[in-house]
Amino acid sequence: MAEGIRDKVAIIGMGCTKFGELWNKSAEDLMVDAFQECLEDAGVEKKDIDAAWFGVHFEEESVGKGATSMSLALKLPFIPVTRTENFCATATEAFRGACYGVASGAYDVALALGVEKLKDTGYGGLPGGPGLMGTKSALIMPKLTAPGAFAMMATRYFSVYGLSPEEGKRMLAKVSAKSHYNGARNPKAHLRREITEDQILNAPIIAWPLGLFDCCGVSDGSAAAIITRADMAKDFRPDPINVKALQVALSPGEELMYTKWDGAHVETGYRAGVMAYEEAGIRNPREEISMAEVHDCFSITEAVTMEDLQFSPRGKVKEDIEAGRFNLDGEQPVQPDGGLKCFGHPIGASGLRMLYEMYKQLQGKAELPERQIKDPRLGLTHNMGGFPAMNIVSVAIIGL
Amino acid sequence: MVGIASYGAYIPRYRMNHNTIFSAVGFLGTFPPPGENAIASHDEDALSMAVAAGVDCLGSIERQTIGGLYLATTSQPYMVRQNSALVATALDLQPGIRTADFTGSTKSGTGALLAALDAARGATSGGVLVCASDCRLSKPGSPQEYLYGDGAAAILVGVDDLIATYEGSYSVSYDFPDRWRASGEKFEHAWEDRFIRDSGYGQFVAEAISGLLKRYNMSIDEVSKIVYPGLYAREHGTIAKRLGADPSQLQDTLLNTVGDTGAASPLMMLVAALEESRPGDRIMVAGFGNGSDALFFRVTDRIDGFAGRRAVRQHLSAKKELSSYEKYLAFRNLAPMDLGMRGEIGVRTPMSALFRDRKAVLALCGSRCRECGTPQYPYQRVCVNPDCGAIDRMEEYRFSDRHGVVFTYTGDHLAASVDPPSIYGLVDFDGGGRFWFDFADCDLDSVRVGMPVEMTFRRRYVDESSGVHGYSWKAMPLRA
């Protein structure tokens, strides 16, 4: 039986840029900004870093292939830098690489940094199309977009649980309204305006049944973490944050090509959650996970993720949403920083941005008192990349 | 004995009333005849419609019994890359067959049929499927715009189980310059209508039909139905009069309901005639274009038990009006439309991958696990059933003629489309198998989870920079 990563490594420093449509910042600028904050927070110098992992998703639109854009931007002194790419879990994969590098004993101090410069594409939403999935898929799969792919999960959720489109959309509106409330209170967030449920319900449809405010921000940004061995961490700072679990699950194709999947949940999300809870020694995630940053690329994704991660029973997330369980002042706050919805979603940076929020909350260092969650013990981050029918989900748990 | 073993047809869902055209471009001075035209949707062309007619014609006939495919069209997407071979692949016909394109004249429909009958007579293997299809581009405001409609017909020619026997033919050929289109040109040119009518249409059809009657020593009274295109409504009747035929012998031209479907026209009318025919009926069919071919058939007793084809009649009744001329222009790429930057992203077709995966892409073939029986699309080497997982235990499995139900769907306003929203979803096939597809010929309001669907071969994209017309299968609401 494998031991897992629990309490073997700790985060000693993190940095995160403001996210948004940063017309005057290049990917390289963003990397330098996140790196600088991260170094200062960790109290280490560049020469202390033994190895680095670099996450970026859309390389052609921004920095190009490989990892040299990071070594060049940060002037890393001839150390190993590895690029990771795994759709929206790209940054978590960079973090995972750094953690495993340290846990293996190969390195003492490792850097994980993710960046995405989405706003050089010239249009709203994400670039790409069927070609993203390879040459064969480009010839046979529908010309879908991200909102469309996730809208199909909303259609399915409504159908499986007998919600009328009005009921379903109202439930999802509450998800987005909560994230806008949180984002409005976060200086680094991309979208900082509170929105009412009615505004959300009356917004133009992007992909039925999802409207404009069911979709997350498309943003530029970067985030970074410095990791060391858990037994060395207190030499760097008094309040390091331990890594409790790091898990990834990928679709084997049965959701898309076999007829068992119900389409109203993300199977990989459930599986990655189960593996992570086992690794972290968590028996009751609804009670034990203090807070979470999950992959709310669309409102429906957050809703089903609450069920996939066993925060809510299957088909019952509506009740928890209506009861305000996931609000900033609720029993189990989710997206305290605004989430992808309002903090924004530079793909290659998102996983580390989520960890940044959990890290700061665990340290009691959310910038404003009104944002600080009371005495959190464990924070969970969750990324989902690809489409509900074919994807990757990563789950990380960090804590004191 | 050779003859017709099966028939099928295809008429696209959209119809555009001539008044719609007139109110948009009537200022150019062309006066509209009454009626409407069948309009191929933005994802249809001569090849997709040929496949649809072929599917209708083949029904449950085993695809490996087909020995050849002849395609007749004047609006083929490819000048080089055999269009009939593409259609044959989409229909999942075997590679060991003859394929040929018949083109260059609207007479090519009857020409392909004649060639197929000749081939069947000396055949060593199987029937020959003749697909005639046209989706002709007409210049906005031109008389052709009122005249031309889109449609396709398919006739399976063979020696066994015939519903009509072939009795003979007579052809005339003239270099008649009524319409022409040089290589590389987008639109046809035409000479004066009165010239086409009086010196061509009015002469050649009658010449071919009377030539046939004379050759076989028959009289026009012995013919139950006379089938020839109706380019000019009044002249259509005059030709019959000249032949000594009664108007009741004339087959409806479909001119006011479908339009003139070019190479497909005489074959579509033949299919319509066969639909209404009884054992012993004698059907005379003639094409028009640079002369005329006349063919003569006798309907057999087998026509009584012949059913299960949508043919012309059922296609005629299933229609939706296209009331926006501007949308028609967008469908035909005749006016620049802003599809957003997403519409500008070109995907270069990897031809080697397309050929390798031709069965998956063009024929909608996947695999079925011989261990657990799970159908899966596209072809998998490792079984997708988590309780099986067998490796390399697959047999080929075709999904194109399977029905299914909508598992989930969306209407996507972000995806680039000339007909937004793009509707797509996941389909669960009857008998097993699931995949995602674009949806065709449906409106978002009418799509439901659990709605029955069937598959349809459509044009997926046109990549003008590399000259590639891409095709794949889509799902559409199951037709009644």
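In this predicted model, B:V227 belongs to strand β11 of chain B, which covers residues 225-227. B:V227 counts as buried because 28 C-beta neighbours lie inside 10 Å, where 20 or more are needed. Leaving aside residues up to four places away in sequence, B:V227 touches B:Q251, B:P266, B:M269, B:L270, B:A273, B:I283, B:M284, B:V285 and B:A286.

In soluble globular proteins, nonpolar side chains tend to be buried together. Among the contacts of A:A112, beyond residues up to four places away in sequence, are A:W53, A:F95, A:I227 and A:L352.

The two chains also meet each other, with 42 residues of chain B in contact with 34 residues of chain A. On the chain B side, at least two residues each come from α11 (351-356), α12 (358-363), β18 (404-412), β19 (422-429) and β20 (434-438). The largest share, six residues, is supplied by β18(B). By residue type, this side of chain B divides into 24 nonpolar, 12 polar and six charged residues.

As for confidence, chain B has a mean pLDDT of 96, and 99% of its residues reach 70 or more. For the complex, the predictor gives an ipTM of 0.96 and a pTM of 0.96.

Note on methods: Residues numbered from 1 in each chain as written. Chains lettered and ligands numbered in written order. Predicted model: local features only at pLDDT ≥ 70, side-chain atom pairs only at ≥ 80, totals over all residues. Contact = placed C-beta atoms within 7 Å. Helix = DSSP H or I, 4+ residues; strand = E, 2+ residues; numbered from the N terminus. Nonpolar A, V, L, I, M, F, W, Y, C, P; charged D, E, K, R; others polar. pLDDT = per-residue confidence, 0-100. Buried ≥ 20, exposed ≤ 12 C-beta atoms within 10 Å, placed from the backbone.
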